[in-house]
Amino acid sequence: MTFYVENESQTEFPFDVEEVAKLVCDAALQEEGCPYEVQINIVLTDNAGIRELNRECRGIDKETDVLSFPNLDFEKEGVFEISEEAEADYFDPDTGELVLGDIMISVDKVREQAESYGHSLKREFAFLVAHSMLHLCGYDHMAPEEASTMERKQEELLTGLGITRETV
């Protein structure tokens with residue numbers, strides 16, 4: 001996996017952001033049975049930065065905690081079937097890796113939500129990465145049954161990694 005993390009906010013956390021993000025991404029890809037080596041980009045920004053992107057990309061003029069930009073079009077969530085004709089659109093020609101997509105996380109929201117929910121910064125950060133990874137793997141939460149599936153998968157993923165709400 002090629003993994004890029006850019007910290008636009010220069011925010012420091014009491015854990016290794018890249019290590020936690022990579023751990024969660026690896027676990028999500030393994031759980032979803034992704035058969036490819038992948039590229040994932042994560043950008044850490046602040047509320048102003050994510051608000052601007054949310055407004056530009058989604059037409060919603062407010063802060064959010066995480067934005068996901070999947071590179072793949074999934075017929076069915078978690079099924080990585082890519083036709084030969086579409087390979088040029090999805091694979092990096094230099095590395096041969098599947099360009100899975102981009103994740104934008106507001107560090108301000110990580111802090112706010114960790115405090116609000118009463119758990120650690122690490123748990124909140126890992127949760128947002130897990131949530132976004134499921135989006136990059138084709139999942140959504142627009143319908144109640146989709147939301148239920150995502151919630152279950154997020155919780156199973158984090159529990160499997162030992163990153164629980166009680167983790168400090």
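Start by selecting Gln-154, which sits in helix 6 of this predicted model. Is it buried or exposed? With a relative accessible area of 4%, Gln-154 is buried, because anything under 20% counts that way. Show its surroundings and you'll find that Gln-154 touches Phe-127, His-131 and Leu-134, leaving aside residues up to four places away in sequence.

Now widen the selection to helix 5 (residues 121-136) and helix 6 (residues 144-160). These two pack at an angle of about 130°, and their axes are 10 Å apart. That angle makes helix 5 oblique to helix 6. The crossing of the pair is right-handed. Colour them by class and you get seven nonpolar, three polar and three charged residues.

Next, hop over to the aromatic rings. How many aromatic pairs does a search of the whole structure find? It finds five. Take Tyr-36 and Phe-91: their ring centres are 5.1 Å apart and the planes stand at 70°, so this pair is edge-to-face. The pair links distant parts of the chain, as Tyr-36 and Phe-91 are 55 residues apart. Look for Tyr-36 in the loop between helix 1 and strand 2 (38-45), and for Phe-91 in the loop between helix 3 and strand 4 (98-106). Tyr-36 counts as partly exposed, at 29% relative accessibility, while Phe-91, at 16%, counts as buried.

Then select Phe-74 and Phe-80. Here the ring centres are 5.3 Å apart with planes at 80°, so this pair is edge-to-face too. Both Phe-74 and Phe-80 are buried. For one more aromatic stop, show Phe-13, Phe-15 and Phe-125, which ring pairs link into a cluster.

Go to Val-79 now, in the loop between strand 3 (66-70) and helix 3 (87-90). Val-79 counts as partly exposed, at 31% relative accessibility. Try the distance tool from Val-79 to Arg-152: they're 73 residues apart in sequence and 18 Å apart in space, C-alpha to C-alpha.

Last stop: Gln-10, in the loop between strand 1 (2-7) and helix 1 (17-32). What's worth checking here is the backbone. Most residues other than glycine have a negative phi. Gln-10 isn't a glycine, yet its phi is positive, at about 60°.

Notes
Residues are numbered from 1 along each chain as its sequence is written. This is a predicted model: local features need pLDDT of at least 70, side-chain atom pairs count only at pLDDT 80 or more; totals for chains, interfaces and linings use all residues. Side-chain values use heavy atoms; hydrogens and water are left out. Axes are lines fitted to C-alpha atoms, for helices over the stretch in contact, and angles run from 0 to 180 degrees between N-to-C directions. Helices (H or I, at least four residues) and strands (E, at least two) are DSSP runs, numbered from the N terminus. Angles under 35 degrees count as roughly parallel, over 145 as roughly antiparallel, 65 to 115 as roughly perpendicular and the rest as oblique. A crossing is left-handed if the near helix is turned anticlockwise from the far one by less than a right angle, and right-handed if clockwise. Ala, Val, Leu, Ile, Met, Phe, Trp, Tyr, Cys and Pro count as nonpolar, Asp, Glu, Lys and Arg as charged, and the others, Gly among them, as polar. Buried means under 20% relative accessible area, exposed over 50%, partly exposed in between (1.4 Å probe, protein chains only). Contact means heavy atoms within 4.5 Å. Rings of Phe, Tyr and Trp (its six-membered ring) pair if their centres lie within 6.5 Å; planes under 30 degrees apart count as stacked, over 60 as edge-to-face and the rest as tilted.
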